[in-house]
Amino acid sequence: MQRRHFLATLPALGACAAAPAVRAQGKALTPLKFTLDYRITSQTAPFLLALQKGYYRDEGLDVSIDVGSGSVASITRVASGAYQLGLGDISALIEFQAQNPGAARVQAVYQYYNRAPFVIIGRKDRGVGADFASLQGKKVAAAAVESTRRAWPIVARRQHLPSDLFTWSTTEFSARDNVVVRGDVDAATYFHDSAVSLFARMKPEELSVLRYTDAGVQLYGNAILAASSLIAERPELVAAFLRASNRALVETLADPVPALAAMRQREPILDEKLELARWAITRQYVAGADTRSHGLGDIQPQLLAQQIADVAQAFALKAQPPADGVFHRGLLPPLATRLAKA
């Protein structure tokens, strides 16, 4: 889509996004299937809050929420038509579109993580300090294919470090905490908010948390994704889903307790104290500095364009999808409703 044509569509689509939900009494709800990127934790509790409090029903939607098995799986589920909406990593979406050129089948419509929570966490007693250069010669655990590992070359380039600064130790997600605690490795990759299990086993002062954002790497993380066919044919449904989800997210940022209760209603086994600690980290990346000006859910087009270029180089992609094909901004709720309360 050409940029001028894309921008021209925004007013009409914005009006659709801003339209109040009106549902005649007794009118049938429209079913929508939404897939998470992973299992249920406080990271995605706002969606469960919206479901529990009837925000989706208020918008005329009958939403079902299923757990996922990674961003690639979420994108594939939406692209195949098995789900209309999903949660997945923007970098993974860029790769998917590059590998499937032509009309986009899946697009991001709401930026959930304003910044990707990518970190490498290392043991101080193994020489991992406050900067990435301290990883030289170390052994770092990571899954074979995961976003934090794959984005490392972008950090190395920004920090003027060799991409082979350290040695990768391929480790399943479920085993990362164990290999760090045992000392089998010096460090491991994490989504920052997924590291609370490690923090429960080792004292924070024993660990160095190296954030990719501190290295000058400004990557957008997981976003709400929608099937392009749904955007084209029923944009009012996407806008309604975003209004309800945004409403719950703003409430959770103000007070996470109700969202955690909704989460535990779905997954009673989850530890509330641990999940509260997890959300305290998640909110730092969801309500990043950018959101104070452009609100939750939106992006800076120039940053997305830079991310596309960085990902194309790091992932050795043969093509770069256009930014307005990756992210569709026209269905966001009004700015006034997307400003997080202090």
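Select Gln43 and Thr41 to start: the side chain of Gln43 makes a polar contact with the side chain of Thr41 at 2.7 Å, where a polar contact is a pair of N or O atoms within 3.5 Å, of which, within protein, one must be able to donate a hydrogen and the other to accept it, and residues adjacent in sequence count only if both atoms are side-chain atoms. The model on your screen is predicted, and for that reason local features need pLDDT of at least 70 and side-chain atom pairs count only at pLDDT 80 or more, while totals for chains, interfaces and linings use all residues. Residues are numbered from 1 along each chain as its sequence is written, and side-chain values use heavy atoms, with hydrogens and water left out.

**Around Gln43**

Stay with Gln43, which lies in the loop between strand S1 (30–35) and helix H2; helices (H or I, at least four residues) and strands (E, at least two) are DSSP runs, numbered from the N terminus. Is Gln43 buried or exposed? Gln43 is buried, because its relative accessible area is 10%, and the limits used are under 20% for buried, over 50% for exposed, and in between for partly exposed (1.4 Å probe, protein chains only). Now show its contacts (heavy atoms within 4.5 Å): leaving aside neighbours within four places in sequence, Gln43 is in contact with Tyr112, Tyr113, Asp193, Ser194, Arg278, Trp279 and Thr282.

**The largest pocket**

Next select Tyr38, Phe173, Arg176, Phe191 and Ser194, which lie nearest the centre of the largest pocket, out of 41 residues that line it. Helix H4 (71–80), strand S3 (85–89), helix H5 (90–99), helix H6 (147–150), helix H8 (176–182), strand S8 (187–191) and helix H13 (272–286) are the elements that give two or more residues to this lining. The space in this pocket is about 960 Å³. On a 1 Å grid over the protein atoms alone, a pocket is an open set of points with protein on both sides within 12 Å along at least five of seven lines, a cavity is a set where a 1.4 Å probe fits but cannot get out, and lining residues have an atom within 4 Å of a point. Colour the lining of the largest pocket by class and you will find 14 nonpolar, 15 polar and 12 charged residues; here Ala, Val, Leu, Ile, Met, Phe, Trp, Tyr, Cys and Pro count as nonpolar, Asp, Glu, Lys and Arg as charged, and the others, Gly among them, as polar.

**Helix H5**

The buried residues include Ile90, Leu93, Glu95 and Phe96.

How many cavities of 30 Å³ or more does a search of the whole structure find? The search finds 1, and the largest cavity has a volume of about 40 Å³. To see its lining, select Pro46, Phe47, Tyr110, Tyr112, Ile224, Ser245, Asn246 and Leu249, which divide into 6 nonpolar, 2 polar and no charged residues. The largest share of this lining, 3 residues, comes from helix H11.

Select the whole of H11 (residues 235–254), whose 20 residues reach 29 Å from the first C-alpha to the last, close to the 28 Å expected at 1.5 Å a residue; the expected span is 1.5 Å times one less than the number of residues. Because 16 of the 20 residues of H11 are buried, the helix is largely enclosed by the rest of the structure.

Move to Ser228 in helix H10 (residues 228–233), a residue that is buried, with a relative accessible area of 13%. Its side chain reaches the backbone nitrogen of Val106 at 3.4 Å, and, leaving aside neighbours within four places in sequence, Ser228 is in contact with Ala104, Arg105, Val106 and Gln107. Then find Gly54 in the loop between H2 and helix H3 (55–58), which is also buried, at a relative accessible area of 12%; the C-alpha atoms of Gly54 and Ser228 are separated by 26 Å.

Finish with His160, in the loop between H7 and strand S7 (167–170), and Ala316, in the loop between helix H15 (301–314) and helix H16 (323–326). His160 has a positive phi of about 55° although it is not a glycine, and His160 is exposed, with a relative accessible area of 73%. Ala316, a residue other than glycine, has a positive phi near 55° and counts as exposed at 60% relative accessibility.

Notes. Points joined across faces, edges and corners; volume = space filled by probe spheres on them.
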